[in-house]
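Please look over the sequence and the model before reading on.

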Amino acid sequence: MAELLSDDQLDHILPKLPAWCPQDAALVRTVELPSFSHAIMVVNRIAEIAENDNHHPDIDIRYKTLTFRLSTHYKGGITALDVSLAEEIDGVLDAMS
């Protein structure tokens, strides 16, 4: 069972996730892709990962700009599940950007 990360734990983790920022009990990252179709390809790949992990991000799609919001809703904040998914999203973005 995932436990909420403390502020000290987040302070230690965030330098390893420089594109992410804590916001309202979630990790948030916004990225602009080259085109709408490219953004949707990224979303589809992340959807596959999220299904496999059984941990799903909130994704806002605005043309070619994606905003990912990671929070473990049943815990009410950020857990190791969110950190792991953030790392996986970073990997997808690195590979597909």
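A residue is called exposed when its relative accessible area is over 50%, buried when that area is under 20%, and partly exposed in between. The model is predicted. Searching the whole structure gives five salt bridges, and three of them, including E3 with K75, are described here.

**E3 and K75**
- E3 and K75 form a salt bridge in which the closest N and O atoms are 3.6 Å apart.
- This pair joins distant parts of the chain: E3 lies in the segment before α1 (7-13), while K75 sits in the loop between β4 (65-70) and α3 (80-96), 72 residues apart.
- E3 has a relative accessibility of 52% and therefore counts as exposed.
- K75 is partly exposed because its relative accessible area is 24%.

**E32 and K64**
- A salt bridge also connects E32 with K64, with 3.6 Å between the closest N and O atoms.
- Here too the pair links distant parts of the chain, with E32 in strand β2 (residues 27-32) and K64 in the loop between β3 (58-62) and β4, 32 residues apart.
- E32 has a relative accessible area of 54%, so E32 is exposed.
- K64, at 21% relative accessibility, counts as partly exposed.

**D60 and R62**
- The side chains of D60 and R62 meet in a salt bridge with an N to O distance of 3.0 Å.
- D60 counts as partly exposed because its relative accessibility is 29%.
- R62 reaches 58% relative accessibility and so counts as exposed.

Definitions and conventions
Residues numbered from 1 in each chain as written. Predicted model: local features only at pLDDT ≥ 70, side-chain atom pairs only at ≥ 80, totals over all residues. Heavy atoms only, no water. Salt bridge = Lys/Arg side-chain N within 4 Å of Asp/Glu carboxyl O. Helix = DSSP H or I, 4+ residues; strand = E, 2+ residues; numbered from the N terminus. Buried < 20%, exposed > 50% of the residue type's maximum accessible area, 1.4 Å probe, protein only.
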